[in-house]
Amino acid sequence: MAFTLPDLPYAHDALAKGGMSAETMEFHHDLHHNAYVTNGNKLIEGTEWEGKTLEEITVGTYNASSVAQNGIFNNISQLWNHNQFWEMMGPEGRAMPSELEAAIVESFGSVDAFKAEFGAAGAGQFGSGWCWLVKDTDGGLKVTKTENGVNPLCFGQTTLLGCDVWEHSYYIDFRNKRPVYITNFLENLVNWENVAARLASA
Ligand code: MN3
């Protein structure tokens with residue numbers, strides 16, 4: 001079965017009030033995300049990866065030595081990343097559930113300290129990439145940043161929250177102001193109930 005582009009879990013204009021416009025969704029979901037689906041399917045056709053899950057392919061092709069495997073990794077990891085990204089945002093879920101808040105305070109000292117570290121990671125990622133809140137292999141929560149399509153699966157971590165800091169994610173709405181985009185993401189776009197559910201099932 002070839003991979004397909006999942007529908008957005010909300011309307012294209014559902015996040016506009018929170019700062020992510022329908023135009024961004026049309027480019028980012030309908031074109032960029034869809035390109036990872038199309039290219040990923042094309043590249044795995046007839047290879048050992050056909051029929052494997054996105055997770056298996058991502059882990060199996062990470063840091064591969066061949067150009068062909070790197071192409072598969074780039075498209076399949078980005079397909080997975082965007083599948084998560086849309087679910088982590090929403091028009092609802094702005095209040096942070098108490099179990100999540102407690103876990104964040106335990107690992108970072110305060111919610112504000114976590115947000116500052118997350119923002120610094122995303123702003124400090126040179127070029128395209130992502131910043132993440134993960135549950136690390138030692139059980140603690142941690143902020144990380146990765147380049148291009150690399151994601152927490154590559155390091156055996158559980159993904160709780162991810163912010164796309166590729167220019168295509170913010171240039172329509174925020175132009176070159178990546179730090180403002182990330183702050184707005186944390187304050188007005190994240191569905192913290194989704195993040196809490198990921199932590200609960202980690
Ligand atoms: Mn993107």
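Select D136 to begin. At 15% relative accessibility, D136 counts as buried. Buried means under 20% relative accessible area, exposed means over 50%, and partly exposed lies in between (1.4 Å probe, protein chains only). This is a predicted model, where local features need pLDDT of at least 70 and side-chain atom pairs count only at pLDDT 80 or more, while totals for chains, interfaces and linings use all residues. Residues are numbered from 1 along each chain as its sequence is written, and side-chain values use heavy atoms, with hydrogens and water left out.

**Stop 1: salt bridges**

K142 and D136 form a salt bridge, with the closest N and O atoms 3.1 Å apart. The term means a side-chain nitrogen of Lys or Arg within 4 Å of a carboxyl oxygen of Asp or Glu. Side chains of opposite charge can pair when their charged atoms come close. K142 is partly exposed, at 37% relative accessibility.

How many salt bridges does this rule give? The count comes to 3.

Next, pick R198 and E87. They form a salt bridge too, and their closest N and O atoms are 3.1 Å apart. R198 lies in helix α8 (residues 192–200) and E87 in helix α3 (residues 67–87), so the pair ties together parts that are 111 residues apart in sequence. Helices (H or I, at least four residues) and strands (E, at least two) are DSSP runs, numbered from the N terminus. R198 is buried, at 13% relative accessibility. E87 is partly exposed, at 41%.

Now show K115 and E187. Their side chains meet in a salt bridge, 3.1 Å from N to O. This pair links distant parts of the chain: K115 sits in helix α5 (residues 111–124) and E187 in helix α7 (residues 178–189), 72 residues apart. K115 is buried at 18% relative accessibility. E187 is partly exposed at 39%.

**Stop 2: helix α7**

Stay with α7. Which of its residues are buried? They are R178, Y181, I182, N184, F185, L186 and L189. Show what surrounds them. These buried residues pack against α3, α5, β3 (158–164), α6 (167–174) and α8. Contact here means heavy atoms within 4.5 Å.

**Stop 3: strand β3**

Move on to β3. Of its 7 residues, 6 are buried, so β3 is largely enclosed by the rest of the structure. Two strands pair if DSSP finds at least two bridges between them. Select V134 and look across to β3: its bridge partner there is T159.

**Stop 4: the cysteines**

A disulfide is a covalent bond between the sulfur atoms of two cysteines. The cut-off is a pair of cysteine sulfur atoms within 2.5 Å. By this rule the count is 0. Select C163, which is buried at 0% relative accessibility. Its sulfur is 4.7 Å from the closest cysteine sulfur, in C131, too far for a bond. Then try C154, buried at 16%. Its closest cysteine sulfur is also in C131, 16 Å away and too far for a bond.

**Stop 5: the manganese ion**

Finish at the metal. Which residues coordinate the manganese ion? They are H28 (NE2), H82 (NE2), D164 (OD) and H168 (NE2), at 1.9 to 2.2 Å. Donors are N, O and S atoms within 2.8 Å of the metal (3.2 Å for Na, K and Ca); water is not among the atoms, so sites may look incomplete. Along the sequence, the donor residues are spaced H-x53-H-x81-D-x3-H. H82 in helix α3 and D164 in strand β3 link distant parts of the chain, 82 residues apart. Both H82 and D164 are buried.
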